[in-house]
Amino acid sequence: MTEVPSYPDVVRLAVPFFIAAILAELLWIHLARRGGRYETRDAVTSLVMGAGNVASGIVLGFVAWGFFMTLWALTPLDLGTSVWVVALCFVLDDLRYYWVHRFGHRIRWVWASHVNHHSSQHYNLTTALRQTWTGTFTFMMVVRAPLILLGFHPAMVLFCGGLNLLYQFWIHTEAIGRMPRWIEAVMNTPSHHRVHHGRNARYLDANYAGVFIVWDRLFGTFVPERDDERPDYGLVQNIGTFNPLRVAFHEWVALVRDVARPGLTLRERLMYAFAPPGWSHDGSRLTSAEIKARDLALSDVGAPRAPLAPKEPAQ
């Protein structure tokens with residue numbers, strides 16, 4: 001258990017593919033006059049966010065690695081490095097991703113890191129690169145602990161996580177419609193992930209899958225893309241900026257301001273940090289669950305749908 005297996009950095013190796021795919025998507029949109037759109041400032045922001053994610057991983061990667069290796073030293077289990085073990089690790093790590101992603105939408109502390117990925121009002125391959133700079137501070141690395149304690153080497157777990165991210169790149173596009181039915185039933189696809197990025201009330205907090213959409217079907221979070229309701233991309237309350245620093249940290253700043261509000265109880269301060277995004281002590285904002293419930297109630301009585309924005313902007 002002292003030898004560290006060697007796996008390639010698949011995300012780094014895929015960078016030329018990312019660039020080629022982005023150029024191909026741009027060319028397709030230009031020639032076909034459909035399949036999405038690009039906005040230069042938005043795309044540049046996404047690329048800068050991606051570069052910042054790589055940089056933060058280099059600077060802070062030792063934190064997660066040290067934690068994983070400590071767990072590895074504690075566990076008596078070692079499943080080895082066979083192809084079948086890697087395949088099992090890949091599937092279980094995707095289940096891990098589903099829950100981390102779901103936590104990222106339901107726990108504000110984690111959402112503060114994940115929100116930047118949803119901040120673009122466009123949906124194209126550069127959006128896939130709009131990644132967090134602050135993932136280490138969410139401590140979601142602990143969700144990988146069971147895999148390591150079960151005997152999957154940390155290097156293998158990180159390798160499978162890289163494969164997961166690599167898969168998710170191509171589903172950030174409007175250039176691909178629906179896939180064959182059997183693929184849509186099992187795998188995460190552009191259609192399913194477009195729903196996830198939609199700010200429509202119907203589409204909020206749905207389709208958390210990384211690779212296998214079966215997790216959403218199993219846990220009741222699957223919502224199909226509808227032909228009569230195209231996803232409206234972005235946040236419930238869009239931030240309206242292309243500044244990478246603001247994109248990366250705006251929700252952390254808002255969270256700290258809320259927690260530091262005068263006159264709150266300890267419970268209210270903790271709720272501002274760990275309750276679902278949109279929670280407020282005075283009911284002046286709406287969580288995604290409340291927005292969905294309101295929309296459903298209005299649909300049932302045939303009333304026009306209310307605006308998506310909360311009752312008051314976040315302070």
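## An exposed arginine and its partner

R230 is exposed, at a relative accessible area of 63% (buried is under 20%, exposed over 50%, partly exposed in between; 1.4 Å probe, protein chains only). The side chain of R230 meets that of E174 in a salt bridge, 3.2 Å from N to O (a side-chain nitrogen of Lys or Arg within 4 Å of a carboxyl oxygen of Asp or Glu). E174 sits in the loop between α7 (154–169) and α8 (181–186) and R230 in the loop between α10 (214–219) and α11 (244–259), so the pair ties together parts 56 residues apart in sequence. Helices are DSSP runs (H or I, at least four residues), numbered from the N terminus.

## Basis of the model

This is a predicted model: local features need pLDDT of at least 70, side-chain atom pairs count only at pLDDT 80 or more, and totals for chains, interfaces and linings use all residues. Residues are numbered from 1 along each chain as its sequence is written, and side-chain values use heavy atoms, with hydrogens and water left out.

The whole structure holds 15 salt bridges. One of them joins R130 to D42, with the closest N and O atoms 3.0 Å apart. This pair links distant parts of the chain: R130 is in the loop between α5 (108–114) and α6 (145–149), D42 in helix α3 (residues 40–74), 88 residues apart. R130 and D42 are buried.

D258 and R285 also form a salt bridge, at 3.0 Å from N to O. D258 belongs to helix α11, R285 to the loop between α12 (266–274) and α13 (288–300); they are 27 residues apart. Both are buried. A network of salt bridges links D258 and R285 with R108, E251 and R261.

## Aromatic contacts

There are 17 aromatic pairs (rings of Phe, Tyr and Trp, its six-membered ring, with centres within 6.5 Å; planes under 30 degrees apart are stacked, over 60 edge-to-face, the rest tilted). Y7 and F159 are stacked, 4.9 Å centre to centre with 20 degrees between the planes. Y7 lies in the segment before α1 (10–13) and F159 in helix α7, so the pair ties together parts 152 residues apart in sequence. Y7 is partly exposed, at 23%. F159 is buried, at 14%.

W99 and F103 have ring centres 6.0 Å apart and planes at 45 degrees, so this pair is tilted. Both residues lie in helix α4 (residues 83–106), four residues apart, about one turn of the helix. W99 is partly exposed, at 27%, and F103 is partly exposed, at 28%.

Terms used
Helices (H or I, at least four residues) and strands (E, at least two) are DSSP runs, numbered from the N terminus.
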